[in-house]
Amino acid sequence: AARPKLQIPQSATGFVSVGVICARKDQLFFIAPLASLVRRHPDLVLVLVGPVLEPEYRARLEAEITHGQLGSHVMFAGYQENPWDYYDAADAMVFASREEGFGTVVIEAMARGLPVLVRRLPGVNDTFVEQGSSGFLFDDAGGFQAGASALASDPALRRTMGERGRAFVADHYDIDEVAARYLAIYGHPTDAVAA
């Protein structure tokens with residue numbers, strides 16, 4: 001239901017990546033493998049959600065998209081105050097960031113029931129993405145392609161992984177529980193959450 005207003009074809013297999021457009025987030029990493037992926041999955045669409053932090057990096061992305069003839073397979077959505085519609089319109093979330101303090105957008109995607117395919121960041125996202133259960137962690141282009149192809153090929157796998165991810169987030173990242181933990185760190189009683 002979210003796709004028509006976002007101009008994403010109903011028949012597409014949609015991957016979303018949320019984050020500022022810059023070298024650290026490494027959206028360029030997706031473009032080379034995408035060319036071979038769309039040969040096997042011609043309905044694959046990658047939606048990049050986020051503001052441009054580095055204009056020269058966006059120019060490199062556009063050059064690679066043109067070179068790979070991927071114009072109909074990559075969409076730039078720009079900055080979105082609330083990216084929820086993009087999560088809802090997607091079949092999976094992909095994330096190639098090379099450095100993160102936590103990776104909130106991955107948790108957000110899991111909370112929306114999306115399977116995730118993310119670069120392994122030891123001590124960060126490997127603490128909440130269970131390999132092969134709620135998503136896939138990749139270390140290189142081959143790992144990304146394998147995970148992306150598995151997700152693009154199998155709606156049942158996407159659904160199962162998405163359900164597991166949503167359950168994990170509900171069990172471990174409930175906002176009231178997180179708020180109570182923060183309050184406890186600062187010496188406030190847990191029942192202060194209600195107040």
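Colleague: At which residue does helix α2 bend, and by about how many degrees?

Modeller: In this predicted model, helix α2, spanning residues 28-40, bends by about 45 degrees at L34.

Colleague: How is the packing of two helices described?

Modeller: One gives the angle between the two axes and the distance separating those axes. Here, helix α5 (residues 104-111) packs with helix α7 (residues 155-172) at about 115 degrees, and their axes lie 7 Å apart.

Colleague: Which residues of α5 and α7 meet?

Modeller: From α5, I107, M110 and A111 take part; from α7, G162, G165, R166, F168 and V169 do. By class, this contact comprises 5 nonpolar, 2 polar and 1 charged residues.

Colleague: Which residues of α5 are buried, and against what do they pack?

Modeller: V105, V106, I107, A109 and M110 are buried. The buried residues of α5 pack against β1 (13-18), α4, β4, β5 (116-119) and α7. Just after this helix, G113 adopts a positive phi of about 85 degrees.

Colleague: Where is D91 found, and which side chain does a polar contact join to that of D91?

Modeller: D91 lies in the loop between α4 (84-89) and β4 (92-95). Its side chain forms a polar contact of 2.9 Å with the side chain of R3. Beyond four places away in sequence, D91 touches R3, A12, T13, G14, L114, P115 and R158.

Notes: Residues are numbered from 1 along each chain as its sequence is written. This is a predicted model: local features need pLDDT of at least 70, side-chain atom pairs count only at pLDDT 80 or more; totals for chains, interfaces and linings use all residues. Side-chain values use heavy atoms; hydrogens and water are left out. Helices (H or I, at least four residues) and strands (E, at least two) are DSSP runs, numbered from the N terminus. A polar contact is a pair of N or O atoms within 3.5 Å; within protein, one must be able to donate a hydrogen and the other to accept it, and residues adjacent in sequence count only if both atoms are side-chain atoms. Contact means heavy atoms within 4.5 Å. The bend at a residue is the angle between axes fitted to the seven residues ending there and the seven starting there. Axes are lines fitted to C-alpha atoms, for helices over the stretch in contact, and angles run from 0 to 180 degrees between N-to-C directions. Ala, Val, Leu, Ile, Met, Phe, Trp, Tyr, Cys and Pro count as nonpolar, Asp, Glu, Lys and Arg as charged, and the others, Gly among them, as polar. Buried means under 20% relative accessible area, exposed over 50%, partly exposed in between (1.4 Å probe, protein chains only).
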